[in-house]
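Try each one before you read on.

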Amino acid sequence: MLDTQTREIIKATVPALEAHGTTITKTFYHNMFNDHPELLNIFNKTNQARGQQPTALATTVLAAAKHIDNLEAILDHVIQIGHKHRALEIHAEHYPIVGKHLLGAIKEVLGEAATPEILDAWAKAYGVIADAFIGVEQQMYDNAAWQGFQPFTVVDKREVGQDVVEFTVKNDALLENLAITAGQYITVQVQPEGEANLALRHYSLCAIEPQQGLKFAVKRDNQGEFKGLVSNYLHDHVNIGDELKLSAPAGDFVLRQSDEPVVFISAGVGITPILAMLAEQVKLNPARPVVWLHSTRNETSHAFKAETEALLANANVQLSDTRYTQTHGRLDGDALRKAIPANAQVYLCGSMDFMHAMRDHIKALEQDNIRVFFEPFGPKMSLIEV
């Protein structure tokens, strides 16, 4: 428990964090990796380069500062981040390293404004926050289907859309009694040739029956300045019979069962966890009203088209709209206004740009009775408003 004076000092730093938070976290990562290059085996260098990870951390620190009087208010964020940490094998011994460099970055960026009193308050606050993460993550380690990264054999590799490949992997001993919750992801660990460090990436599971193998889809990422190190490696160098190391399924993006309408919205390869959710919905409660909205460039890029149609044929579909953006444009606010019913649960998955757009459109609807759950292809906290 933090004393009143410490909490007041932390709250007084909110304006500085709002103004300089991302600069602090960029400095933090730079200094930490210089001192601990072994941590590059854990962190996603592409997210670092794109600035998404520093933004996500800055948002997390700001959320903690704003809610320092009631840290339970950010418990959902702690759980979401905890799933990522467990999947990446981040442990309690990493937290002192993070704390040291975070305080150092605050001092470096804020200069004289970072008084001894402020640094002492943040040291105390970080200790409380770190303990909360460690406690949540330990429960996740205890409950994980398996520990660490375990070997799986690739038993199938098939193209399911342009530049999208579905991998099926098996480890019979680990899959025999495994239960999958739709929306979860696995984490793949590889070391592409010529790379000094391991590379870890999360991929959503696209099926809910693990006894036939874990299935996940990978889109080749060659757009923009940053190329997908792991996606290109998996596409070009991993084939049937090869071995991949995976950590156990994780994630808080899961389908909540009820009789309320459910709206599935995805873009591109964002269909993967949404497809699993649709399969789970059809299996558990096919009478539940379903709205299906999917956006992709064209028919060639439409991943899992046949699988989707088969599932929708057995669902209580109120509306189904697949937009080929090349000819029909993007999903917009007008489309969502017509599609989303009252009292709906909405599940979103897609690129960071798509997620920003969809959340803005839904917010503009001003329907307080809509609950939105989402999973972006990137650090989730970079999309959170605190």
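Rings of Phe, Tyr and Trp (its six-membered ring) pair if their centres lie within 6.5 Å; planes under 30 degrees apart count as stacked, over 60 as edge-to-face and the rest as tilted. This is a predicted model, in which local features need pLDDT of at least 70, side-chain atom pairs count only at pLDDT 80 or more, and totals for chains, interfaces and linings use all residues. Residues are numbered from 1 along each chain as its sequence is written, and side-chain values use heavy atoms, with hydrogens and water left out.

**Exercise 1.** Count the aromatic pairs, then classify the pair of tyrosine 203 and phenylalanine 216.

*Solution.* 
- Step 1: The rule gives 12 aromatic pairs.
- Step 2: The ring centres of tyrosine 203 and phenylalanine 216 are 5.8 Å apart and their planes meet at 20 degrees, so this pair is stacked.
- Step 3: Both tyrosine 203 and phenylalanine 216 are buried (under 20% relative accessible area, 1.4 Å probe, protein chains only).

**Exercise 2.** Find which charged ends sit over the rings of tyrosine 185 and phenylalanine 373.

*Solution.* 
- Step 1: The test asks for NZ of Lys or CZ of Arg within 6 Å of the ring centre and within 35 degrees of the ring normal.
- Step 2: Lysine 84 has its charged end over tyrosine 185, 4.3 Å from the ring centre.
- Step 3: Over phenylalanine 373 sits the charged end of arginine 256, 3.9 Å from the centre.
- Step 4: Phe373 also belongs to a cluster linked by ring pairs, together with Phe253, Phe264, Trp292 and Tyr347.

Conventions
Buried means under 20% relative accessible area, exposed over 50%, partly exposed in between (1.4 Å probe, protein chains only).
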